[in-house]
Amino acid sequence: MVSSTIMAAYKKPRLRLRDVALCRLLSVVFVTLCGVLLLIFLLASNSTSTTIVTHDTDNVDAYHHDLKFEKGHDLPQQSDLSLRLEKINGLPPRNLDLYPTLAKNHIIVVLYVHNRPQYLKVVVESLSHVVGIGETLLIVSHDGYFEKMNKIIEGIRFCQVKQIYAPYSPHLFSDSFPGVSADDCKDKDDATEKHCKGNPDQYGNHRSPKIVSLKHHWWWMMNTVWDGLRETRDHSGHILFIEEDHFIFPNAYRNLQILTSLKPKKCPDCYAANLAPSDVNSRGEGWASLIAERMGNVGYSFNRTVWKKIHNKAREFCFFDDYNWDITMWATVYPSFGSPVYSLRGPRTSAVHFGKCGLHQGQGENKACMDNGMVNINVEQSDTVSNIELDWNVHTYENQPGYKAGFKGWGGWGDHRDRHLCLSFANMYQSTRIASTL
């Protein structure tokens with residue numbers, strides 16, 4: 001009896017120890033499983049499909065309500081990707097902890113990009129050395145979503161930066177307009193014979209989504225920056241526009257500040273201020289004078305007054321049969337203003353347009369060229385500090401070569417759907433809509 005009681009006394013603690021060991025084992029297994037699940041979640045969150053929306057989006061709906069954004073029935077039905085990217089457009093700028101305030105009378109910088117990451121790295125690096133860049137806001141407008149491009153911009157720490165995405169970019173629609181639809185006409189198809197959809201341009205060619213995206217992106221960006229974003233829609237000063245293949249010199253921002261301040265007195269008829277000559281092959285005259293010439297497409301800036309004049313010509317812009325936004329402006333919009341459209345600049349460039357060797361600039365002694373991701377641009381000491389004098393006179397280039405009256409464009413923009421979409425962008429943030437009848 002005593003022996004049995006003693007054995008029972010020993011067995012009970014042994015059972016308890018076994019239970020404790022089992023509980024510990026289960027705890028270890030549970031923690032391990034949680035760790036594995038967490039790892040899987042983190043890995044999944046780094047994929048392209050889930051990193052698109054990586055910011056706090058709690059206030060986005062409130063932003064859109066405040067924006068009073070009007071989605072008309074004439075806008076295409078959006079894909080899931082398009083909707084997610086559009087939501088990002090309502091987020092506040094990043095780096096507010098590093099740059100909580102913007103300088104008074106700052107000049108906003110807008111960089112518009114597509115998908116050339118090797119070029120974008122060069123441009124971002126050049127911007128990081130621009131004197132005064134930390135005083136302003138950099139807006140990056142994306143034509144399509146590309147992870148490499150996105151990561152480069154997310155790495156910016158030298159100023160406030162805001163990313164926006166064109167939600168109706170053809171690159172976001174894989175099987176419907178404004179991308180490629182299965183029943184779209186191609187090349188020189190006859191719509192009646194092929195039973196396909198689309199209107200050819202003046203040369204008989206049907207739309208190419210990759211080409212028309214150039215003009216769509218620029219026009220959407222202009223309307224959104226000037227009239228849509230809460231950060232910019234009340235900005236009355238100048239906004240600087242640059243592309244992903246524009247190398248910006250360290251003195252660019254300070255030079256532009258001087259040009260915009262001098263423009264009302266020195267050149268009251270000038271519509272804009274440019275960082276570079278209209279001739280992309282020129283590095284400037286080197287004279288001791290300011291230059292007034294036609295507005296170039298490298299580092300150009302203008303204010304809201306000019307934007308309103310441009311926006312009033314939405315129909316001219318949207319109905320001109322040329323897929324190039326800049327040629328459309330030069331050939332039809334600017335001439336409709338009734339007087340020469342001059343831009344003020346310095347005698348030495350503060351920005352350079354680079355590209356593949358032989359494509360734009362060639363390989364001359366003073367010309368920029370990119371080869372295997374490397375850029376050979378000579379930045380001299382005078383390019384690092386402001387080199388514009390306040391007492392300079394203005395030399396005006398008159399009777400400059402350009403597109404003559406009667407020029408009808410290079411085509412690529414004949415499809416009625418593209419023209420209507422273009423007008424829809426002009427109406428997005430307006431209380432009075434522009435008629436879209438052809």
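D245 touches R116, Y119, V123, V352, H353 and F354, leaving aside residues up to four places away in sequence; contact here means heavy atoms within 4.5 Å. This is a predicted model, where local features need pLDDT of at least 70, side-chain atom pairs count only at pLDDT 80 or more, and totals for chains, interfaces and linings use all residues. Residues are numbered from 1 along each chain as its sequence is written, and side-chain values use heavy atoms, with hydrogens and water left out.

Back to D245. The residue lies in the loop between β4 (239–243) and β5 (246–248); strands are DSSP runs of E, at least two residues, and helices are runs of H or I, at least four, numbered from the N terminus. D245 is buried, at a relative accessible area of 3%, where buried means under 20% with a 1.4 Å probe, protein chains only.

What does the side chain of D245 make a polar contact with? One partner is the side chain of R116, at 3.3 Å. The side chain of H353 also makes a polar contact with that of D245, at 2.8 Å. A polar contact is a pair of N or O atoms within 3.5 Å; within protein, one must be able to donate a hydrogen and the other to accept it, and residues adjacent in sequence count only if both atoms are side-chain atoms.

H353 sits in strand β10 (residues 351–353) and is buried, at 12% relative accessibility.

Now the record. An unreviewed UniProt entry lists D245 and H353 under "binding site"; such annotations may be inferred rather than shown by experiment. The two are spread over 109 residues of sequence, yet the largest C-alpha distance is 5.9 Å.

Methods
Buried means under 20% relative accessible area, exposed over 50%, partly exposed in between (1.4 Å probe, protein chains only).
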